[in-house]
Amino acid sequence: MLELNISELKLNSPLILASGILGVSYSSMKRLIDAGFGAITTKSIGPVRRKGFKNPSIIEVYNGSFLNSVGLGNPGINSFITEIKEIKKFGFPLIVSVFGDNTDSYIDVASKAEKAGADAIEINISCPHAEVSSIGIDKNLTYSVVKAIKEKISVPLFVKLNPNVTNMDDIALAAQKGGADGVVAINTLAAMKIDINVKRPVLSHGGGGLSGNAIHPIAVKKVYDLYKILKIPIIGCGGVSTYEDAIEFFLAGASAVQIGTALYQGYGIISKINQGLKKYLKENDYNSISEIKGLAHNYKTQEVPDFD
Ligand SMILES: Cc1cc2nc3c(=O)[nH]c(=O)nc-3n(C[C@H](O)[C@H](O)[C@H](O)COP(=O)(O)O)c2cc1C
């Protein structure tokens, strides 16, 4: 009932681990698949090993909402190849998130990840506290980077969108034009917390990215708007912690959803959400998630009223 295809990826559940949330070791990934995820996205991997920002780099700002500036700390693609090969032995769908310093390094990391066994590549052009965000705010750059990578890889290519832009729709259309097989909406929202006693930003880096419950309604609106203009699948991401949150994304137009922050509650939420999705489909007489995709668009929303 929950099985689905996104591009060429076959998933047993529409729930996917979001990038960067847990370690990159194959043992932690295997546990997540056993817990009920349909696919796993790795932390964003770059051309070389890179440290993240110093602590404090992650804090809870509201119940279930976090601010992080872990940055793009990662082991670098050459070391990570071994990990990808190990993960692939388990045979579950693996999406490798990649970033680079320029188009060539994006291609290099993506090609190495594909060769090592990645089933799909997700490109991170959108981390709010790292320089890759500059690609995700420019439609021309987005188009050229996506097109260049797409020409060099044969597995599906997903583009993770940056919500910290004036018009995310234009960036998504540029990604689609460049040949993306899907978009992931959204990455974290640029944010800051200030400690009023010591009178300084709490995170060592100053600003960070907001995730979790607080961003869910924003992400739903972004997916709703994208569904009106895109032909490629949308993977909803942002603040999913219950099956109701996931259903909202599907009704807005998502084909699948990613879950990150909510995992601080433990892996048990994954099977709980899967069960909730099945129950919802059954009670509403649907056989699959694709039958409810975009249904919220059938409701004619009110136009802007005229002045009296
Ligand atoms: C600690 C942390 C690290 C993250 N690292 C990455 C990353 O490496 N690459 C990326 O594309 N997104 C990264 N993200 C963003 C998440 O993948 C996701 O887009 C965001 O957290 C919203 O989903 P959520 O509310 O379910 O967490 C990170 C988020 C958090 C909280």
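Predicted model: local features only at pLDDT ≥ 70, side-chain atom pairs only at ≥ 80, totals over all residues.

Student: What does the lining of the largest pocket have by class?

Tutor: Its lining has 17 nonpolar, 17 polar and 3 charged residues. A pocket here is an open set of points on a 1 Å grid over the protein atoms alone, where a 1.4 Å probe fits, with protein on both sides within 12 Å along at least five of seven lines; lining residues have an atom within 4 Å of a point.

Student: Which residues lie nearest the centre of the largest pocket?

Tutor: S19, G20, I21, N68 and T188, out of 37 lining residues. β6, β8, β14 and β16 each supply at least two residues of that lining; strands are DSSP E runs of at least two residues, and helices H or I runs of at least four, numbered from the N terminus.

Student: And how much space is in there?

Tutor: About 610 Å³, taken as the space filled by probe spheres set on the points, with grid points joined across faces, edges and corners.

Student: Where does N68 sit, opposite which residue?

Tutor: N68 stands opposite G209 in β14. β6 (residues 65–68) and β14 (residues 208–212) pair in the antiparallel sense over 4 bridges; pairing takes at least two DSSP bridges between the strands.

Student: What's the strand order of that open sheet?

Tutor: β5-β6-β14-β11, with antiparallel pairing. The edge strands, β5 and β11, each pair on one side only.

Student: Switching topic: how many residues of β7 are buried?

Tutor: 5 of its 5, where buried means under 20% relative accessible area with a 1.4 Å probe, protein chains only. L94, V96 and V98 are on one side, with I95 and S97 on the other.

Student: Which strands pair with β7 in the parallel sense?

Tutor: β4 does over 2 bridges, and β8 over 4. I40 stands opposite L94, while I95 stands opposite A120 in β8. From β7 the chain crosses through helix α3 to β8 in a right-handed β-α-β crossover, meaning the path over the helix runs clockwise from the first strand to the second with the strands pointing away from the viewer.

Methods
Residues numbered from 1 in each chain as written. Heavy atoms only, no water. Buried < 20%, exposed > 50% of the residue type's maximum accessible area, 1.4 Å probe, protein only. Nonpolar A, V, L, I, M, F, W, Y, C, P; charged D, E, K, R; others polar.
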